[in-house]
Amino acid sequence: MIRYEHVGLRYGIGPEVLEDINFQLDPGSFHFLSGPSGAGKTSLLSLMYLGRMPTRGLIQMFGQNIGELGRDQLAAMRQRVGVVFQDFRLLNHMSAFDNVALPLRIQGRPEKEIQNNVAELLDWVGLGDQKYALPNTMSGGQQQRVAIARAVITRPRLLLADEPTGNLDDEIGFRLMALFDQLNKMGTTVVIATHNQAIIDKFGHKRMILEKGRLHIEEPTKHGLRKRLEGIY
Amino acid sequence: MQPLIRKFRNTLSRDRALGVAKGKRRYDLPLTGGSSNSLLRLLIGLMSILGMLALAASFALSAMTTRWEQGLADKITIEIPASDSAGEMIAASSVQGMTDDAAKIVGARGDVLEAEIMEESHVLELLSPWLGEDMVMDSIPIPGIISVTFEKDTRPDIKALEAEIKEVAPRARIDTHENWLSEVARFTGALQFAAILLGIIISVTTLVAVAGGVRSKLSENKEELELLHLMGASDSYIAKQLQRHTLILSLQGGAIGVIGGAVLLFIIGMVAGNMGVNLVPDFKLGGKQRLMLVLLPLPIAALAMLTARFTVMRVLTKMP
């Protein structure tokens with residue numbers, strides 16, 4: 001579904017921040033992306049949500065080589081990817097409702113469907129009473145939940161999240177992880193960049209580890225795998 | 001009743017907050033508000049006023065040329081000079097006799113509608129701007145002048161007529177007004193070219209101002225723009241929002257411009273009338289011309305809209 005072959009990325013004429021990245025994500029897989037600060041996690045995510053184009057190598061997404069796609073096809077491809085940005089990137093002139101509804105409106109979905117789905121999801125993330133609030137009047141945790149709702153509202157085929165539980169207390173953090181897991185079980189491929197070792201350990205998923213621009217994949221820890229098999233969370 | 005009104009108001013404001021009030025003006029980018037919108041509106045208003053003035057001037061010039069051409073198309077003037085080839089004055093009675101003979105020849109033609117010998121007083125009146133009001137009549141040779149009007153659409157042989165007249169008045173000259181008319185045509189042509197040039201300047205100014213405005217709007221909202229792009233909004237989806245926004249502002253500016261332009265044209269008409277400017281007697285804008293003036297902001301708004309689209313598309317191509 002997603003295949004990277006010898007992918008490299010550099011900014012301007014600087015050194016490569018990602019070097020010779022090779023991996024494959026199968027449909028419905030779940031990965032944590034981890035590594036020290038500055039290792040290139042955000043850069044790799046930006047390649048995955050097509051915010052940047054690689055300076056070398058081949059990227060295949062959903063069976064298509066992105067280097068061969070036109071602008072409209074790339075836009076359509078981006079619609080199949082949900083992203084939770086580390087800094088949320090909410091539109092401050094729009095209500096929480098409109099922020100969540102935005103991906104649906106971009107896709108041209110009927111207004112009635114938008115009304116129903118957005119209201120339901122906002123209720124689910126515990127923001128049913130904050131529908132009309134503007135983001136800058138909300139707490140960090142609330143903003144993060146709006147960002148997450150916006151990323152999942154279209155049921156994307158690939159969900160990317162950059163430190164999605166950073167501003168949340170443990171309870172809500174685990175609840176959101178459960179949401180990601182549910183989406184994953186429904187067939188969404190999930191990649192979550194996180195420093196949170198507790199979450200990585202608790203949820204038995206593969207780890208993509210970035211170090212100095214290079215990537216390797218680790219199988220889940222025995223502890224996490226056991227918990228996952230036992231369905232503890 | 002009161003709770004019902006409150007409920008209705010709440011629904012409206014909620015819809016507005018939701019941006020789903022079948023919001024014909026809903027934008028994903030924060031485009032509304034801000035001084036740049038007022039500036040663009042004002043600029044389009046001013047451009048519309050300038051455009052209206054240029055267009056109205058062009059209509060007036062066109063009417064002026066047409067009337068002069070039509071007025072002189074079937075007319076010639078025969079002049080019987082009051083001096084001989086040596087420059088000696090000819091007796092006034094001889095000039096009068098030659099003029100009468102020439103008028104008889106012309107009057108006998110079947111294609112002549114009217115041949116009128118100009119009164120001496122009228123000739124003097126025409127000469128007075130050059131010679132002064134207090135000229136001594138006896139000291140100045142007054143030529144004989146015959147104004148001839150042919151039947152409409154006849155094509156008289158002027159050379160043959162001149163030869164015929166020269167038999168009774170050897171130094172007679174026929175003026176078909178061609179030289180004067182061609183000079184008038186050149187002059188009005190130059191003025192019309194200036195009006196077209198003004199139209200081009202207006203278009204270019206609109207283009208540059210709108211492109212600048214859109215660029216600054218996009219750079220103000222760079223993060224929001226990037227976000228829409230990353231969420232899969234196509235270039236055309238984003239461009240449509242800026243297009244619509246620019247079109248609405250331009251139409252608002254254009255409406256202001258039409259009102260301003262109409263008031264200005266009315267004032268110019270009044271001032272010109274009071275000053276006795278009568279180059280185009282009874283010139284009034286026709287229905288079609290008025291319609292064109294009123295609709296002038298539409299092409300300006302369309303130009304602004306297309307400029308906005310082109311600018312957004314160019315900015316977006318810099319994104320992957």
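Mentor: Begin with handedness: a crossing counts as right-handed if the near helix is turned clockwise from the far one by less than a right angle, and as left-handed if anticlockwise. By that rule, in this predicted model, the crossing of H3(A) and H4(A) is right-handed.

Trainee: Which residues make the contact of H3(A) with H4(A)?

Mentor: On H3(A) they are A:Ala96, A:Phe97, A:Val100, A:Ala101, A:Leu104 and A:Arg105, and on H4(A) they are A:Ile114, A:Asn117, A:Val118, A:Leu121 and A:Leu122. By class, nine of the contact residues are nonpolar, one is polar and one is charged.

Trainee: What geometry accompanies this contact, and at what angle do the axes of H3(A) and H4(A) cross?

Mentor: In general, two packed helices are described by the angle between their axes and the distance between those axes. Here the axes of H3(A) and H4(A) cross at roughly 130° and come within 10 Å. The two helices are therefore oblique to each other.

Trainee: How does H3(A) lie against H5(A), and at what angle do their axes cross?

Mentor: The axes of H3(A), residues 96–106, and H5(A), residues 140–152, come within 7 Å and cross at roughly 25°. Angles under 35 degrees count as roughly parallel, so H3(A) is roughly parallel to H5(A). This crossing is right-handed. H3(A) contributes A:Ala96, A:Asn99, A:Val100, A:Leu102 and A:Pro103 to the contact, while H5(A) contributes A:Val146, A:Ala149 and A:Arg150. Six of these residues are nonpolar, one is polar and one is charged.

Trainee: How many residues does each chain bring to the contact between chains A and B?

Mentor: Chain A brings 25 residues and chain B brings 18. On the side of chain A that touches chain B, H2, H3 and H4 each supply at least two residues. That side of chain A consists of 13 nonpolar, five polar and seven charged residues.

Trainee: What is the mean pLDDT of chain A, and which of its elements has the lowest value?

Mentor: Chain A averages a pLDDT of 87, and 94% of its residues score at least 70.

Trainee: How many helices and strands does chain B have?

Mentor: Chain B has 10 helices and four strands, arranged along the sequence as α-α-β-α-β-α-β-α-β-α-α-α-α-α. Of its 320 residues, 26% count as buried. Among its contacts between residues at least 6 apart in sequence, 87% join residues at least 24 apart.

Conventions: Residues numbered from 1 in each chain as written. Chains lettered and ligands numbered in written order. Predicted model: local features only at pLDDT ≥ 70, side-chain atom pairs only at ≥ 80, totals over all residues. Buried ≥ 20, exposed ≤ 12 C-beta atoms within 10 Å, placed from the backbone. Contact = placed C-beta atoms within 7 Å. Axes fitted to C-alpha atoms, helices over the stretch in contact; angles between N-to-C directions. Parallel < 35°, antiparallel > 145°, perpendicular 65-115°, else oblique. Nonpolar A, V, L, I, M, F, W, Y, C, P; charged D, E, K, R; others polar. pLDDT = per-residue confidence, 0-100.
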